[in-house]
Amino acid sequence: MHLTVYTSVYSGVDENFSADVKDIVQTAKYLNPKSDICGVLIIHGHQFLQILEGEEVELNGLMDKITKDPRHSSVDILINQSVEIRSFTDWNMDILDLNNSEELDSETLKRITHIYKENFSLNGKVLAKFYEEMCKSLEDLRLLK
Ligand SMILES: Cc1cc2nc3c(=O)[nH]c(=O)nc-3n(C[C@H](O)[C@H](O)[C@H](O)COP(=O)(O)O)c2cc1C
């Protein structure tokens, strides 16, 4: 089993964002099960973070397509390695919308990923929860300032 995590930035115009995301998720929900790929698409402002789990060959094939997709740019792979077990058995590319703030840049997401990898064994679902909790904490800290 293989796990790929990347960040990217939406590159379309604001008005099309919701429609594009809807289309991406619809396609993912239709195609991913055919290749036995699971995961979650995390959205924060216009930043994407996608966690994908599946067999390595299938994931590489999908990443080839995703990297070339003109709807986003700056695809930055944070994790691309094998994992012992599949963690997403029931998540067929759901969206996790963290909020509409634009402040969570890819450097922050990289740091969060680094903290996770230093402290926990790799598990896509736990990682998704970790991003969610870290982002909430960052928001709370900002409110305290
Ligand atoms: C941020 C983002 C995430 C995407 N995630 C997936 C995905 O999980 N599965 C998928 O099949 N396509 C996903 N796509 C869409 C692919 O890039 C591609 O358009 C789609 O797989 C159809 O490709 P095809 O017509 O060549 O089969 C994503 C696109 C973007 C921009």
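Reader: What radius of gyration does the protein chain have, and what value would a compact globule with 145 residues have?

Author: Please keep in mind that this is a predicted model. The C-alpha atoms of the protein chain fill a box of roughly 45 × 40 × 25 Å along the principal axes. A compact globule with 145 residues would have a radius of gyration near 15 Å, and the protein chain agrees with this, because its own value is 15 Å.

Reader: In what order do the elements of the protein chain run from the N terminus on?

Author: The protein chain has four helices and five strands, and 79% of its contacts with a separation of 6 or more are between residues 24 or more positions apart. Read from the N terminus on, the order of the elements is β-α-β-β-α-β-β-α-α.

Reader: In what order do the five strands stand in the sheet, and which strands are at its edges?

Author: The five strands form an open sheet with mixed pairing, in the order 4-1-3-2-5. One side of each edge strand is left without a neighbour in the sheet, because each of these strands has a single partner strand, and the two in question are strand 4 and strand 5 (92-99). From one strand to the next, the twist averages 15°.

Reader: Which strands pair with strand 3, and over how many bridges?

Author: On one side, strand 1 (residues 2-10) pairs with strand 3 in the antiparallel sense over eight bridges, and within this pairing L3 stands opposite E53. Strand 2 (residues 38-44) also runs antiparallel to strand 3, and these two form a hairpin with two residues between them, where G45 in the turn has a positive phi of about 60°.

Reader: Why is strand 3 largely enclosed by the rest of the structure?

Author: In a regular strand the side chains alternate between the two faces of the sheet. Strand 3 (residues 47-54) is largely enclosed because the number of its residues that are buried is eight of the eight.

Reader: Is D36 buried or partly exposed?

Author: D36 lies in the loop between helix 1 (17-31) and strand 2, and its phi is near 60°, a positive value in a residue other than glycine. A residue counts as buried if 20 or more other C-beta atoms lie within 10 Å of its own and as exposed if 12 or fewer do. Because D36 has 13 other C-beta atoms within 10 Å, it is partly exposed.

Reader: Which element gives the most residues to the shell around the ligand?

Author: Of the 16 residues around the ligand, those that come nearest are A28, L31, F48, D69 and H72. By class, the shell has eight nonpolar, five polar and three charged residues. At least two residues each come from helix 1, strand 3 and helix 2 (56-68), and the element that gives the most, with four residues, is helix 1.

Note on methods:
Residues numbered from 1 in each chain as written. Predicted model: local features only at pLDDT ≥ 70, side-chain atom pairs only at ≥ 80, totals over all residues. Pairing = 2+ DSSP bridges. Rg over C-alpha atoms; globule rule 2.2 N^0.38 Å. Contact = placed C-beta atoms within 7 Å. Near = placed C-beta within 6 Å. Nonpolar A, V, L, I, M, F, W, Y, C, P; charged D, E, K, R; others polar. Axes fitted to C-alpha atoms, helices over the stretch in contact; angles between N-to-C directions.
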